[in-house]
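User: Please show me how to read a structure, one feature at a time. Keep it brisk.

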Amino acid sequence: MLKWLMRRRIGALERDFGYDASYMRDILNADRAAFMAMSRTLAMAQYHKDIPAAAWHAAKITAVMQEDCGPCTQIAVTMAERDGVDPGVLRALLAGEESRMPEDVMLAWRYARGVIAHDAEAAALRGLILGRWGPRSLVSIAFAITGARLFPTLKYALGHGQACVRITVAGDAVPVARRAA
């Protein structure tokens with residue numbers, strides 16, 4: 001009965017986002033406990049406190065772009081759109097056009113890039129994030145970066161990685177900077 005419910009939730013995710021979640025089905029079919037462990041990771045990746053939505057999504061999109069140029073990036077963009085992030089901001093993030101990003105978004109974008117690159121600049125940016133939004137925002141952004149990188153890697157490791165696809169924002173295909181960092 002529980003597996004049936006889990007399969008329905010996977011199907012709902014696929015229908016809602018136009019996303020192929022067959023890797024989740026493979027995990028569920030292999031071991032329900034493994035699927036439950038992955039589900040807890042999903043909860044971590046969705047933790048979002050004390051940071052503006054656009055900044056939180058900027059960190060998430062920046063991180064996912066480092067690992068994926070396809071369906072995982074698209075679902076992150078779609079989630080940001082549904083959370084009210086301005087399409088112009090999303091286009092700037094995808095293109096890596098810092099000059100078109102609002103200040104909060106630019107801070108999160110720079111921080112995510114610094115963390116991914118293990119750049120010393122990340123320490124100063126971390127201080128700015130703590131000063132601006134507080135400690136829960138730092139946890140939120142750290143979880144967003146970590147979670148965004150985990151799922152594309154998991155998909156590729158399970159044999160479900162896909163070639164690059166065009167990313168759409170507000171229904172229009174947009175140019176994407178190949179790597180976020």
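Analyst: Start with a term. A helix here is a DSSP run of H or I with at least four residues, numbered from the N terminus. Bear in mind that this model is predicted.

User: Which residue with positive phi follows helix 5?

Analyst: Gly84 comes after helix 5, and its phi is positive, near 90 degrees.

User: How do I check the span of helix 5 against its 12 residues?

Analyst: The expected span is 1.5 Å times one less than the number of residues. Helix 5 covers residues 71–82, so its 12 residues should span 16 Å. The C-alpha atoms at its ends are 16 Å apart, which agrees.

User: Take Thr73 in helix 5. What does Thr73 touch, not counting residues up to four places away in sequence?

Analyst: Contact means heavy atoms within 4.5 Å. On that basis Thr73 touches Val64, Met65, Asp68, Leu94 and Ile167. Thr73 counts as buried because its relative accessibility is 1%.

User: Where does Val64 lie, and is Val64 buried or exposed?

Analyst: Val64 belongs to helix 4. At 3% relative accessibility, Val64 counts as buried. Leaving out residues up to four places away in sequence, Val64 touches Cys72, Thr73, Ala76, Ala148 and Pro152. Also look at Gly147: it is 83 residues from Val64 along the chain, yet their C-alpha atoms are separated by 8.5 Å.

User: How many residues has the largest nonpolar core?

Analyst: A nonpolar core joins buried nonpolar residues through side-chain atoms within 4.5 Å. The largest one has 54 residues. Those with the most contacts inside this core are Phe35, Ile61, Leu90, Leu93, Leu94, Tyr111 and Ile141. Follow Ile141: beyond its neighbours within four places in sequence, its contacts are Ile51, Trp56, Ala59, Ala108, Tyr111 and Ile129.

Notes:
Residues numbered from 1 in each chain as written. Predicted model: local features only at pLDDT ≥ 70, side-chain atom pairs only at ≥ 80, totals over all residues. Heavy atoms only, no water. Helix = DSSP H or I, 4+ residues; strand = E, 2+ residues; numbered from the N terminus. Buried < 20%, exposed > 50% of the residue type's maximum accessible area, 1.4 Å probe, protein only.
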